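Here is a short briefing for a first look at this model.

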Amino acid sequence: MEIIQNGIFFGILISFMLGPAFFILIETSIKKGFKAAIILDIGILLSDAIYLLAAFFVAEKINHWLTTNPFVKYIAGTIFILLGIVSVYKNIIQIKLKNSKIKEVKEIETDTSKKIIYPFQLFIKGLGLNAINPGVLIFWIAASTYATNELKLGDFQLFSFFGITLLTMFIVDVFKIYFSSRLKEK
């Protein structure tokens with residue numbers, strides 16, 4: 001029972017940490033709706049699960065690699081800057097399209113192509129956004145170290161603890177997505 005309580009508490013705590021994934025999730029929910037944000041969230045949670053598995057099996061090696069290779073920070077920073085530039089560029093294009101008649105033609109073109117690619121793009125965006133943030137990996141390494149050392153959890157207990165944590169994160173994210181998608185009406 002203690003594992004379940006700690007997993008739920010930990011999941012709620014993580015869900016309200018303010019980072020890029022939190023804001024992108026809220027923004028996607030407001031701009032693109034509930035279903036789009038759920039797909040994005042699944043990508044984010046899959047990235048968390050991958051990092052969590054990496055933390056379990058190679059936490060010590062990864063921590064050593066990150067501290068001895070400072071270029072990782074620069075690569076991750078460059079990727080974040082590029083994502084920001086692409087986002088700003090997309091917004092500028094959308095504003096220009098709103099002010100011109102090309103918008104009508106563009107909507108017809110995107111309606112057919114985005115139905116196939118759109119969910120996959122959101123999933124990859126969520127996966128990539130979380131994956132390029134080195135803080136996420138460091139967080140999961142710290143979390144698995146804490147669960148192992150402080151909570152004295154064994155392998156199955158760790159699996160249960162973090163499974164409950166990820167499930168709680170998803171449930172809380174669904175509520176965040178639902179309520180933020182309701183803001184679109186306002």
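Helices α1 (residues 2-15) and α7 cross at roughly 40°, and their axes come within 7 Å. The crossing is right-handed.

This is a predicted model: local features need pLDDT of at least 70, side-chain atom pairs count only at pLDDT 80 or more, and totals for chains, interfaces and linings use all residues. Residues are numbered from 1 along each chain as its sequence is written, and side-chain values use heavy atoms, without hydrogens and water.

**Salt bridges**
- The whole structure holds two salt bridges (a side-chain nitrogen of Lys or Arg within 4 Å of a carboxyl oxygen of Asp or Glu).
- E27 and K31 form a salt bridge at 3.1 Å, N to O.
- Both lie in helix α2 (residues 20-32), four residues apart.
- E27 is partly exposed at 32% relative accessibility, and K31 is partly exposed at 49% (buried is under 20%, exposed over 50%, partly exposed in between, with a 1.4 Å probe and protein chains only).
- D173 and K176 form a salt bridge at 2.9 Å, N to O.
- Both lie in helix α7, three residues apart.
- D173 is buried at 6%, and K176 is buried at 10%.

**Nonpolar patch**
- F34, L167, I171, F175, Y178 and F179 make a nonpolar surface patch of about 610 Å² (residues with over 30% relative accessible area and no salt bridge, nonpolar side chains joined within 5 Å).
- Helix α7 (residues 155-182) gives the largest share, five residues.
- I171 is partly exposed at 42%.

Conventions
Patch = residues over 30% accessible without salt bridge, like charges linked within 9 Å, V, L, I, M, F, W, Y side chains within 5 Å. Areas by Shrake-Rupley, 256 points an atom, 1.4 Å probe, with all protein chains shown as cover. Helix = DSSP H or I, 4+ residues; strand = E, 2+ residues; numbered from the N terminus. Axes fitted to C-alpha atoms, helices over the stretch in contact; angles between N-to-C directions. Left-handed = near helix turned anticlockwise from the far one by under 90°.
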